[in-house]
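Please keep the sequence and the model in view while reading.

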Amino acid sequence: TVDEMPAIFAAYAARIPSEIAQALDCTWELLQKTSETTSAAEVLQWFWLVDEASDEECVADSSLGLAVFRLVRGASANHGQVLHLSLTAPTWRAELEPALQALRKQMFLDLPINAVRATLWYSTLEDGKFKIHPDVEAPFKSSLFRWFQLCNTKDGRRGQIMASRRFPENCDPPAPEEVLDLRLGSCLFLPYDPAAAEAPADAEAAPGEEAARFPGNGLVMAECMRRRALLQKDADGAAADAAAAPGECPSQSGNAADADDCSFVSELYRKLRRRGTVSLVRSSDFGHAEECTTFAEQCLEGLGGSADISSLALPPLPPQATDDATSSTAPGGPRVMCGGLTVGVNWKKAAGGTSVDANWTHVPVHATGGDDSAVVYLATEDDDIFVSIWRLQDGARGMARDDLYRHCQSMLRECPPSKVGEDRPFCEVALPNVKLCVAAGAAVPRMGENAQVFGAPSELLGLRLAVRPPPAGALRPVAATAAAKADGAAAAPRFDADFVLCAWHAKLEDLEVPLFAVVVQPDAMTVA
C-alpha cells in the first residue's frame, strides 16, 4: 500500500550500487515529490524486476531490481516517464540492457504513449570528469534511446533526457486505447449544393424516433453555419457578407413569420459571426464521401463503430480521386460541411473511480448549487473543463435541441456552485457506466431569405461513462469510501434515472453555451 512503501523502499535502496544510484537518481525524494504532484491518471506504477525463469514470490529482499514509471499526458502526444530503474546484483552491468529493453516493451504494451523518456544524471567520476557514467549510458543507447534534451535544476544538477520512440517496424506493439472516465463526441453532416436555388425536398425531413430522444449539438451546428458563411464570403466577395451580416433578432422586426429565426442556434450563430471561430469545434468543407467518413471516425473515436458512422446520411458524392493532382468533384456539385468535437477527460482526484458494482462508479463532487443541491459540479483533470449534472423532471426526456441548451443555461445561472468543501451535503455521486452512439435530432434554423440553403442534416452523438481501472502497478490507496462512512458522511446519491450531463469550457464563457449537453437515460443505454 501507499503507507507501506517508504519503509520497503528504504530497505531496498541500501542494495543499489552507487553507480546506478547516481546516474538514475534512485532516491525516495524524487518518487515522493512526483507522486504528490501527479494526477490520478498519471499515478506512479511500481514493478519489481525478477528472473522470468523463477517461480518464487517476488519481494523486496529477493528482487533483482525495481522500476517505477508513469504516463505523462501532453497537448499533442503522451509519453511514458521512467522515474526509477535500479538493479542490485554485482553483475548489473550485464543485466541493465535486457532489463531496460523489458521495461521499454512493458511500457509500450501498457501505456497509450508515443515514446519512453528517462533522465541520466551527470556526476564527478573517479577520473575527475563530470559526465554520465558510461556503464549506465551505453545500455540506453543500445536500447534505441537517443538524446532528447538537457535538464538543469535549480540546485545546479545537470541531466540528459533520453527518449525512445515507438517503432512499429521494429516489432513494437501498437498503442493500447486510452481509457478515460468520460468521453463525449459529436459529428454533424450539413449537406448543401452551391448551385441550388432552393432547399431540397427533404430538407425538413422529420427525425427518427431515436433522434427525437437525443437532441443534437447546438454549438457544432452554429459553428458549421458560421464556417459556411465565411467560405461563401470568400467565394462571392463583400456583397455576400453584407447580405448575411449578423443583425438584431428578426422577430424584433414585428414579422411573426420570422419568430423561428430567434432559436438558440440562430442567436448563437450571430454571436459567432461577431466573435470568430470556436477552436474546440472542428469544421471542414468536403466534396468526397471518403473525406466525410474519415472526419466522422476522428470525431467519434472510442465511441462509435463503423455501423454507427455509416448511418450518417450523405448526399450523392463522387468517390475521391486516386490521383492527388486531380479532383473528381464537379464544379458546383453537392458538398458537405462537416462539424464535430471530441472531449476526453478524467475526473479530478479519482484514482480510477470506486466501482460500486460492475455498472456504477463513484465520482468525487467538487461543489453543489441550488436548493437541495440540485446541480452537482464535477471537476476534471482539465482545469478548463467542468461537468455539471442534475436530475431531469418526469416527462422532460424528449426536449428539443434548443430547449435543452436553454434549459442548461437557465440551470447554471440559477444554481451556481455555492457549497464546497465541508459544506457539500455529499462528497461523491454514483454514475452509471453507460455507452451511447446514436442519431441525434438536428435541424437548420431559418436565417432569412439570403441565407445559404442547406439540405437535411445528419448527426451522431456519442457518450461513454466508464470505470477507469487502476493501473496494474499502482500502489493500493487507503479506502477513502470506508473512511468517509466512518465519519458519518452522507451516502453517494445514485443517478439511476434520467439526468442532464452538461460539459462547459472556460474558453466559451463569453458565449454562455455548453460545449456538450445530453440527457443521459440509464434505462435506454448500453452498459460501457
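Strand β4 (residues 115–121) and strand β8 run antiparallel and are joined by 7 bridges; strands here are DSSP runs of E of at least two residues, helices are runs of H or I of at least four residues, and both are numbered from the N terminus. Two strands count as paired if DSSP finds at least two bridges between them. Within this pairing, A115 has R165 of β8 as its bridge partner. The model is a predicted one, in which local features need pLDDT of at least 70 and side-chain atom pairs count only at pLDDT 80 or more, while totals for chains, interfaces and linings use all residues. Residues are numbered from 1 along each chain as its sequence is written, and side-chain values use heavy atoms, with hydrogens and water left out.

Strand β8 also pairs with strand β7 (residues 146–152), in the antiparallel sense and over 6 bridges. Here W147 has M162 in β8 as its bridge partner. The two strands β7 and β8 form a hairpin with 5 residues between them, and G156 in the turn has a positive phi of about 90 degrees. Strand β8 (residues 158–165) is largely enclosed by the rest of the structure, because 6 of its 8 residues are buried. Buried means under 20% relative accessible area, exposed means over 50%, and partly exposed lies in between, with a 1.4 Å probe and protein chains only.

Another set of strands can be followed next. Strands of a sheet pair through backbone hydrogen bonds, either parallel or antiparallel. An open sheet of 6 strands has the order β17-β14-β15-β16-β21-β22, with antiparallel pairing. Its edge strands are β17 (419–420) and β22 (516–520), each of which pairs on one side only. Strand β14 (residues 367–369) is joined to β17 by 2 bridges, and the two run antiparallel. Across this pairing, A367 stands opposite V420 in β17.

The interior comes next. In soluble globular proteins, nonpolar side chains tend to be buried together. A nonpolar core is a set of buried Ala, Val, Leu, Ile, Met, Phe, Trp, Tyr and Cys residues joined through side-chain atoms within 4.5 Å. The largest such core has 72 residues, of which L182, L378, I389, V429, L431, L463 and L501 touch the most other members. Helix α7 gives the most to this core, with 7 residues. A second, separate core of 38 residues includes A23, L83, L120 and M162.

R226 lies in helix α7 (residues 218–236) and counts as buried because its relative accessibility is 9%.

Which cysteines are joined by disulfides? A disulfide is defined as a pair of cysteine sulfur atoms within 2.5 Å, and by this rule the count comes to 0. C187 is in no disulfide, and the nearest cysteine sulfur, that of C299, is 4.7 Å away. C187 is buried, at 0% relative accessibility. The sulfur of C502 is 3.9 Å from the closest cysteine sulfur, in C408, and is therefore too far for a bond.
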